[in-house]
Amino acid sequence: MKFIYIPLLFLTILLAGCDDPNSSSINNINPNDDVVYELTFNSNWSAANFPTNYPATAHFSGLIGLTHNNQINIFRRSELASPGVIVVAETGEKGTLINEINTHITNNDADKIVDGAGIPAGSNSVSLSFSANTNYSYFSIVSMLAPSPDWFIGIDNLQLYENNKWKNNLTLNLRVYDAGSDSADTFTAANAPQINKDVITRLTTDSADTNFFDGVHRDNGTFIGTITLKLKP
């Protein structure tokens, strides 16, 4: 059985898609030029860290996201997931979300698609590079926790350029989200589609189903992984 748990404290967090960012900034870059970030996604998802019903084929689907302005989000906690995010969260397929991103690009609210590999079973990291500019200095990205009913990780609306400086060496702790489209409770459960979709929440299940409470390990607070962003020279 799933529980929806949204403490009041977390309603004040500005970075809705990540937690505890550590960052520095550099200011010797021409603001009219594009910058390039290297992203490294490191996984902590293992049978040792999250043993309850840990799936033998545990992996993360391909990363998919975008650089954009402050007028859009591809997902937001406590709101309904878009069809594209639901498809990623349920199957790992990117096509529907890519179409949504292309619409944002056509509407001049986004600049570039950020498309990369996932983390296959038996591996624990993946890297990619993407560019940003001051007109589109926000960054969002998602990936499916697989296998799972509709669970995913992501960064929502991260501002990379602030106070006339590009942020550098960001480390973002990742929580697990429930997209609200499937009511199953374990990683390999049969599909249980919800006709009336729920809003996106941080994943909380019964302790017999998974180790997750509020998107992290219920006993020790271990995060499923981290994303590090480093500004390339």
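Throughout these legends, a residue is called buried when its relative accessible area is under 20%, exposed when it is over 50% and partly exposed in between, computed with a 1.4 Å probe on protein chains only. The views show a predicted model, in which local features need pLDDT of at least 70 and side-chain atom pairs count only at pLDDT 80 or more, whereas totals for chains, interfaces and linings use all residues. Residues are numbered from 1 along each chain as its sequence is written, and side-chain values use heavy atoms, with hydrogens and water left out.

View 1. Phenylalanine 187 is buried, with a relative accessible area of 3%, and lies in the loop between β11 (177–178) and β12 (201–202). Helices (H or I, at least four residues) and strands (E, at least two) are DSSP runs, numbered from the N terminus. Contact means heavy atoms within 4.5 Å; leaving aside neighbours within four places in sequence, phenylalanine 187 is in contact with Trp45, Thr52, Asn53, Pro55, Leu145, Pro147, Ser148, Pro149, Trp151, Thr210 and Phe212. Phenylalanine 187 and alanine 58 are 129 residues apart in sequence, yet their C-alpha atoms are 9.0 Å apart in space.

**View 2. Aromatic pairs.** Rings of Phe, Tyr and Trp (its six-membered ring) pair if their centres lie within 6.5 Å, and planes under 30 degrees apart count as stacked, over 60 as edge-to-face and the rest as tilted. The count by this rule is 13 aromatic pairs. In one of them, the rings of tryptophan 45 and phenylalanine 60 have centres 5.6 Å apart and planes at 65°, so the pair is edge-to-face. Because tryptophan 45 lies in the loop between β2 and β3 (59–60) and phenylalanine 60 in strand β3, the pair ties together parts that are 15 residues apart in sequence. Both partners are covered: tryptophan 45 is buried at a relative accessible area of 7%, and phenylalanine 60 is buried at 3%. In another pair, phenylalanine 130 and phenylalanine 139 have ring centres 4.4 Å apart and planes at 5°, so this pair is stacked. Phenylalanine 130 is buried with a relative accessible area of 6%, and phenylalanine 139 is buried at 0%. Ring pairs also link Phe41, Trp45, Tyr54, Phe60, Trp151 and Phe187 into a cluster.

**View 3. Strand β15 and its partners.** Strand β15 (residues 225–231) is mostly covered, with five of its seven residues buried. Two strands pair if DSSP finds at least two bridges between them. Strand β2 (residues 35–43) runs antiparallel to β15 and is joined to it by seven bridges, with threonine 40 having threonine 228 as its bridge partner in β15. Strand β10 (residues 165–174) is likewise antiparallel to β15, through five bridges, and here leucine 172 stands opposite isoleucine 227.

**View 4. Nonpolar cores.** A nonpolar core is a set of buried Ala, Val, Leu, Ile, Met, Phe, Trp, Tyr and Cys residues joined through side-chain atoms within 4.5 Å. The largest such core has 36 residues, of which Leu39, Phe41, Phe139, Leu160, Ile224 and Leu229 touch the most other members. Two or more residues of this core come from each of β2, β6 (125–132), β7, β8, β10 and β15. Apart from residues up to four places away in sequence, leucine 229 touches Tyr37, Glu38, Leu39, Phe130, Phe139, Leu158, Leu160, Asn168, Asn169, Leu170 and Leu172. A second, separate core of 18 residues includes Ile74, Ile86, Ala110 and Tyr177.

View 5. The buried residues of helix α1 (residues 83–91) are Gly84, Val85, Ile86, Val88 and Ala89, and they pack against β4 (64–68), α2 (95–106), β7 (138–146) and β8 (151–159). After α1 comes glycine 92, whose phi is positive, near 85°. In the loop between β4 and α1 is serine 82, which is buried with a relative accessible area of 19%. A polar contact is a pair of N or O atoms within 3.5 Å; within protein, one must be able to donate a hydrogen and the other to accept it, and residues adjacent in sequence count only if both atoms are side-chain atoms. The side chain of serine 82 makes such a contact, of 2.8 Å, with the side chain of glutamate 100. Not counting residues up to four places away in sequence, serine 82 touches Ile74 and Glu100.
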